[in-house]
Structure formats: structure tokens, C-alpha cells
Amino acid sequence: MATLALFVSLLSTGNTLRAKELECNINNGPCTLVSGGRTVTIDIEPKPVSPMQELSFSVTIAPCDALPEKLLLDLSMPGMMMGKNQVTLARTAGCTYRGKGVIVRCMSGRTLWQATLLSATLDNPAFIFNVSK
């Protein structure tokens, strides 16, 4: 109920929430949000995104001026400690960064994951998605 009241309040005052975190269906295609004044798009291949296989992570940032040649993508499971799992993304062409990594299988059967781009400049944007079982 409080969430609905906040939403209605924001609509009535004309304010908008700044997206820092986005729940997306990565299996349907890339996901995009705005963070740190830049547009950040993530994609993961192959689809469906499954645990325990090598995955290719692609992140495109626009504009990408003043960003380093490498960024870290932190893979975690909301609400559950899964150990450190980070993918190094290297700038490949223009404003696109690519890297390879593995999402581990959760023994509890949970499938909700979060990919956070570790960058203070970008305000650490996070994408929340499900992997297949």
C-alpha cells in the first residue's frame, strides 16, 4: 500500500525515480537502464541464460567518454551469499565492453541473479534477472 501511495505521489508531483536497478527478462534480449547520466545496456549469450556454462557478457554504455578500458561486472544472488564472482569486461569497440564468465547453480534451486557494473562514475547500475534451471 505504501508503494502505491509513493507511486501516486510521484505521478502527481511530476517527479521521476532515477533508475539504478532494473529487473529484466534477459532471455528475451538486452536490458537497458539509465544510471550516472548514461544509458547502460547489458546482454548475455547464449540464450536461454543457464548456470554452469560459459556465458558472454556484453555491456554498452552511452556516452562512454572518461570511462576506463576495463570494467568489473559483479554477479551475485540477491539475499544469498554465493561467493565472489566477477567478470572483467574489456572495451572492444566504441562504447561496448565484453567478457566471459559463469553463473553458478544455486543448490537451493533459486534462479534470481543480479549483475552489477562496479563503477562509481556509473553509480553501480544493477540488472536483476532469472536464469533457467
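The legends below describe close-up views of a predicted model.

Residues are numbered from 1 along each chain as its sequence is written, and side-chain values use heavy atoms, with hydrogens and water left out. Because the model is predicted, local features need pLDDT of at least 70 and side-chain atom pairs count only at pLDDT 80 or more, while totals for chains, interfaces and linings use all residues.

**View A. The open sheet of 9 strands.** The strand order is β1-β9-β8-β5-β6-β7-β4-β3-β2, and the pairing is mixed. Strands are DSSP runs of E with at least two residues, numbered from the N terminus; two strands pair if DSSP finds at least two bridges between them. The edge strands are β1 (21-23) and β2 (31-35), each of which pairs on one side only. Neighbouring strands of the sheet are turned by 25° against each other on average, direction ignored. The axes behind this angle are lines fitted to C-alpha atoms, and angles run from 0 to 180 degrees between N-to-C directions.

View B. Strands of a sheet pair through backbone hydrogen bonds, either parallel or antiparallel. Strand β5 (residues 70-76) runs antiparallel to β6 (residues 86-93), joined by 5 bridges.

**View C. The disulfide of C24 and C31.** The structure holds 2 disulfides, a disulfide being a pair of cysteine sulfur atoms within 2.5 Å. In the pair C24 and C31 the sulfur atoms are 2.4 Å apart. The torsion about the S-S bond is about 95°, so this disulfide is right-handed. Both C24 and C31 are buried (under 20% relative accessible area; exposed is over 50% and partly exposed in between, with a 1.4 Å probe and protein chains only).

**View D. The disulfide of C64 and C95.** The sulfur atoms of C64 and C95 lie 2.0 Å apart, and with -60° about the S-S bond the link is left-handed. The pair links distant parts of the chain, 31 residues apart: C64 is in the loop between β4 (54-62) and β5, and C95 in the loop between β6 and β7 (96-102). C64 is buried at 9% relative accessible area, whereas C95 is partly exposed at 24%. With the bonded cysteines numbered in sequence order, the pairing in the protein is 1-2, 3-4.

**View E. The salt bridge of D65 and R38.** The whole structure has 4 salt bridges, each a side-chain nitrogen of Lys or Arg within 4 Å of a carboxyl oxygen of Asp or Glu. D65 and R38 meet at 3.6 Å, N to O. D65 lies in the loop between β4 and β5 and R38 in strand β3 (residues 38-45), so the pair ties together parts that are 27 residues apart in sequence. D65 is partly exposed at 49% relative accessible area; R38 counts as buried at 11%.

**View F. R91 on strand β6.** The side chains of R91 and E69 meet in a salt bridge of 3.9 Å, N to O. R91 lies in β6 and E69 in the loop between β4 and β5, so the pair ties together parts that are 22 residues apart in sequence. R91 is partly exposed at 22% relative accessible area, and E69 is exposed at 52%. The bridge partner of R91 in β7 is Y97; β6 and β7 pair in the antiparallel sense over 3 bridges.

Technical notes:
Helices (H or I, at least four residues) and strands (E, at least two) are DSSP runs, numbered from the N terminus.
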